[in-house]
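Have a look at the model, then read on.

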Amino acid sequence: MGTDFGICIQNIKKKIILNDQLYGFDTERSELLQIVKKTIDYGESDSVIVLGPRGCGKSVLIESVIKELLPDSHTLVMLNGLIHTDDNLALKSIIQQLQIKNLDGAYVEGSYADNICFLLESFRAGNKMASKSIIMVLDKFDMFCSHTNQTLLYNLFDAVQSQQNPLSIIGVSSRIDVIELLEKRVKSRFSHNILMIKPPSEPHELLGRLKCLLQLSKDCKIESDVRKNWNNNINLLISDPQLQDLMNDLLKLSNNNTKLNMLVFMALSNLSKDKMLMVENLICSFNSLYKQDLTLVNLLGLSVLELCLMISICHHSEIYNKEPFNFEMIYARYCKFASRNSSLLVTKRQVIIKAFERISIMELIQPVTAIENKNILKEYRLYKSSVNLDKMKAASNLYYRLPPVILQWIDSNII
């Protein structure tokens, strides 16, 4: 029985890693599927932009629509604004993915003008009755809008309007104002089909996603009685008031799928193979992931040198009643300790400056003035500490293999 529950856990973890489960967007999926099928079945070219915050399920929505199409009914072209950073790179990728016959290598290696002319001529050579449809997905669509003159977008949308080779363009972006980034000539050729993907805004919606994630379907190769016991347990879990409160707390942190997936994955990873998932497992994982003391976590992530600088900062704040300090003050205090206790801790000034800057980036110390005065050297810029000595003592007790001399320094008289 324990092995069977282990298989249940593995199946759900695999589902989380693949992240291919769509929940709660039936209307949007139906609309997108209808747009794409018009292109494939009737040769009607069209364009659409899918908008929504990061992690809400835009890519999963598009993948689920494409999976429903017959593989031989279309040619899929995938572009990403992070990879195809200019029109020439994007255009070469389109030509290669389309696998156009009789492709002269000179065109792929040639200028942008040659490539775009070749592609447009290829589109004109097709017709909506005989040619295979093209589904083109432009991920990070807002980054394509930053390309020079938006030439590629103009030509692609113009090809959609001209109704030559059946072409469906799907833009994906997390910027709500992405339409405003389009130039007038591009905007006039865009079909103005917009699908808004909204993340869950109520705890019961998040509970529905959790139930969809945790329940096992009949396709899983698990004994029917084991699967039934697991799913019955999940139904009881979902109805538990503690879990509803937990989903409410999670929703306050974030409404995307990422945090929910992390929470479930961690709870399952800490679960024994002979145990079923309980509310306590999820609560424990939630506390470990999202209720940690972030300041303490940052302190435990410091190097020994950076930790020593933080100790010097805390000692300085204790002596001078939390008065502002600069790098030179802390450097002098650190060197005084290092010279008295251990030659191993003495290092180059430039290295110590970099360590001090990293402490500032991590916001363990805060600049006194919001606007930096360029006339003041960075070594003399004033800061205030956001960490007290008690917090440093707590971090030092948890720090892995901290040298004893530093532990003594924290607890001893302030240098």
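Phe327, Tyr331, Phe356 and Tyr383 make up one aromatic cluster. This is a predicted model, where local features need pLDDT of at least 70, side-chain atom pairs count only at pLDDT 80 or more, and totals for chains, interfaces and linings use all residues. Residues are numbered from 1 along each chain as its sequence is written, and side-chain values use heavy atoms, with hydrogens and water left out.

**Ring pairs**
- Searching the whole structure turns up eight aromatic pairs (Phe, Tyr and Trp rings, the last by its six-membered ring, with centres within 6.5 Å; planes under 30 degrees apart are stacked, over 60 edge-to-face, the rest tilted).
- One of them is Phe327 with Phe356, edge-to-face at 5.4 Å centre to centre and 70 degrees between the planes.
- Phe327 sits in helix α17 (residues 327-341) and Phe356 in helix α18 (residues 349-361), so this pair ties together parts 29 residues apart in sequence (helices are DSSP runs of H or I, at least four residues, numbered from the N terminus).
- Phe327 and Phe356 are both buried (under 20% relative accessible area, 1.4 Å probe, protein chains only).
- Phe337 and Trp409 are stacked, because their ring centres are 3.7 Å apart and their planes at 10 degrees.
- With Phe337 in helix α17 and Trp409 in helix α20 (residues 404-411), the pair ties together parts that are 72 residues apart in sequence.
- Phe337 and Trp409 are both buried, too.

**Charges over rings**
- Arg185 has its charged end over the ring of Tyr154, 4.4 Å from the centre (the cut-offs are NZ of Lys or CZ of Arg within 6 Å of the ring centre and within 35 degrees of the ring normal).
- Tyr331, a member of the cluster, has Arg349 over its face at 5.1 Å from the ring centre.

Note on methods: Helix = DSSP H or I, 4+ residues; strand = E, 2+ residues; numbered from the N terminus. Buried < 20%, exposed > 50% of the residue type's maximum accessible area, 1.4 Å probe, protein only.
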